[in-house]
Structure formats: C-alpha cells, structure tokens
Amino acid sequence: MAGNPTVFLLMVSGQIESAEFPEFDDIYCRYCWVYGQDWVITSGLEDGITQVTKKSHDDRKLFVWNFPLEVTFKSTNPHGWPQLVVSAYGQDAFGRDVVRGYSAVHIPITPGQHTRTLPMFVPESTSKLQKFVSWFLGRRPEYVDPKVVAQGEGREVTRVRSQGKVRVSFNVVTKDMKKLGYDTTPTDAAASTQPAATGIVPGAS
Amino acid sequence: MAEVHVIGQIVGASGFPEHSLFCKWGVHAGGAWKILSGSREGQTQVDNPQDEQSANWSHPIDIHFSTKGLQGWPKLHFQVWHQDSYGRNELYGYGFCHVPTSPGMHSLECVTWRPAGSLREQISQYFIGGGPQLKNPDVVYTGADRYKLTTVTMGKVQLQLGIILRNFDKYGIEC
C-alpha cells in the first residue's frame, strides 16, 4: 500500500554538550525548537530545561550539561527548517536569575553526525546609566520570547554583546526526502537515471 | 521546475579593524529564478563582542527558489557596517559570494573590500571616520564597472549554508 509519499521525516538525536563562559560560575540552559508552518513535531519535546552546572576548576573552565535532545519532525516543505534556540541563564552577584546568552542554529540538512559551536549573545542596554541600573536591580535586558533569535526580521534595531559559546552535537536522519525529489548530498544528485523532462535548457536565461 | 533551498546562517565576521559591526545582506538572482518563500534581504543585529575580535551574528537565512534555467545562479551580497558608541554608521566593506551549487552543508568565507578615496579623503577618514561609499551597490556583485574603482581589503564574513536541491537530476543536471 506504499503510495507516493507526500511528507518527509527528519529525526534528530543529539545533546547540548558543554559551554564556555569565562566570567560566570553557574549556568543552566533552556532550549526550544523553532520551525515553519509546514512542520510538525511528531515525537519528542518542544522545549526543555537543563540542570544547573558549575564551571570545572581546571584550565578548561568548561560547563558540561550532556543534555539529550531527541525529536522527530514531519513536513511537506524544507522551508522553515527547524532551528534549535538555546538560552543560557545564571545567577548574578545578588542571587537573581539573569540571562547570559541566546543563540540559534539550524539543524544540519545532511544526514550524519555534526557538531556546532553556538556563539551566545545578550541584548545590550543603550546607555551607561541603563547598564548600571539594570546591574543594580538585576533586571537585565532580555527577549520577551527567545524565539525572536531564530528570525531574521526585526534584528536591525537590536544591539547585542556576544559572550561565551555553547557546543551542541546532532545526529540527523531523514526519511523520504529523496523520494520527494530533494537532494541533500552531492552523490544523490549524481546517481540519476536518464533526463526525462524538458523545461531546463542550460543555455537559456 | 527545479527548486533550491538555502537554509543556514550568517555566522559572523572577523578581520575588521573595530568591533560593533552589523551586516546588511541581500540575494540577487537571474531572470529565470523566483523566490517562493523567505526574505530577499535583511540586516543583522549590531554585535559588540565581549572578549573576541570577531562579530557574531548567527543571522538565519531560509530562502526557497524555483528556477527554469541555470543562468543567474543566486548570489548573496553583503555590506558590513560599523556602528560606534555615538550611533554613527560607517561602511566597512562590500562583498558577495555565490550560493553553493552542490547540495549539502557548506562553510563559506566571503572576503570584503572598501572603496579607497583620494589621499585627502583617506586622511580625513583616518581622523574623523566616514569614507566613500558606492552610489550604485550593484557593482558589488557584477563585474561591469569595476575597473573604475580602487579598493582596500577589509575582513571576512563567515557563512554556514545548507543547500537542498529538488528535481535537478530529473533534468539531467549534475551538481
């Protein structure tokens, strides 16, 4: 009963591995998946929170979470390919929760194992007085919805300071992308049969 | 109809003399190409890095093209600007690169250049900033009138792009 597939699946398993934040001591992360309208999560969690971890006392000064990510998406269209949005939070000198960085990255489109290093950034106050007041009150500038980080629109008015990096690894598996005609690796495109259709003439424009 | 998906990020930039940079980007393609979804241009945030020399933008790009021909393969073009603490913007570089033609993940580095003015303009640029800008930004991605320009090398823009092609093998295209 296998008709022509109309959807393809993207299965991602990976982890939020570790981070480097030279100035801070305790950090935890929230993550969420941001995707377009044609995408749906068929299994796995939409968002989550990691544990609070302390920096290692050796020269590496590394924060390790080793936090598992497992999710499967279903879609009809690669547009809106899912992104992982990671927000890191910590405690300031007065014990209040403040944001330490945001970042977003697309899930890699080729099947296989991938590691990504995400540079983290925080929105910055405009003036020195605002910076002092926000340090004093513990109300740092933060995004109302971290999903903004996954969009391109509206960024031109924001000023940010980048600090720290988070390391994430992905294992990507896709199903039925080739059957729907999508090529995500060069060898797939080369292993074709004979040209069937007209319409593309390399000399025309 | 063949389709191309460009899914990735403008990761950041390095090699520029100052921090506090932002990038205006756009995509240009020939007449046979049509954008089905995604924005054709945009502007990143202004990044002021804490401890490094490189700006980090992580600006997402997700564009879906359909095409009837290979001519005019899409090109991404960039303008890197510097914003100082007073809020003034100064041009730091122009650059372009072609969207990769083979499917898969690609890490690209796009080199940039800035127009150099006359000696007097260079001296005033050293002291008060500013500097010549192109009247017609099309020159960035065409070769037409380039011979009239003298330029200075600036830094590089890093991109991480994933390319998905659809139906190219049905038309006999090898890539």
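1. Across the interface of chain B and chain A, the rule finds zero salt bridges. A salt bridge here is a side-chain nitrogen of Lys or Arg within 4 Å of a carboxyl oxygen of Asp or Glu. Polar contacts do turn up: 20 residue pairs between chain B and chain A, both partners at pLDDT 80 or more. A polar contact is a pair of N or O atoms within 3.5 Å; within protein, one must be able to donate a hydrogen and the other to accept it, and residues adjacent in sequence count only if both atoms are side-chain atoms.

2. A note on the basis. This is a predicted model, where local features need pLDDT of at least 70, side-chain atom pairs count only at pLDDT 80 or more, and totals for chains, interfaces and linings use all residues. Residues are numbered from 1 along each chain as its sequence is written, chains are lettered from A in the order in which they are written, and side-chain values use heavy atoms, with hydrogens and water left out.

3. How much area do chain B and chain A bury between them? About 4200 Å², with 53% of it on carbon and sulfur atoms. Buried area is the accessible area (1.4 Å probe) that two parts lose on being put together, summed over both. In contacts (heavy atoms within 4.5 Å), 50 residues of chain B meet 55 residues of chain A.

4. Now the side of chain B that touches chain A. Its residues divide into 17 nonpolar, 24 polar and nine charged. Nonpolar means Ala, Val, Leu, Ile, Met, Phe, Trp, Tyr, Cys and Pro; charged means Asp, Glu, Lys and Arg; the others, Gly among them, are polar.

5. One strand pair crosses between the chains. Strand 10 (residues 159-175) of chain A runs parallel to strand 5 of chain B, over two bridges. A:Arg159 stands opposite B:Val46 in strand 5 of chain B. Strands (E, at least two residues) are DSSP runs, numbered from the N terminus. Two strands pair if DSSP finds at least two bridges between them.

6. Within chain A, look at strand 7 (residues 83-91) and strand 8. They run antiparallel, joined by nine bridges. A:Gly90 stands opposite A:Val98 in strand 8. The two strands form a hairpin with five residues between them, and A:Gly95 in the turn has a positive phi of about 85°. Strand 8 (residues 97-106) of chain A is mostly covered, with nine of its 10 residues buried.

7. B:His77 lies in strand 7 (residues 75-83) of chain B. Why does B:His77 count as buried? Because its relative accessibility is 19%, and buried means under 20% (exposed is over 50%, partly exposed in between; 1.4 Å probe, protein chains only).

Key
Helix = DSSP H or I, 4+ residues; strand = E, 2+ residues; numbered from the N terminus.
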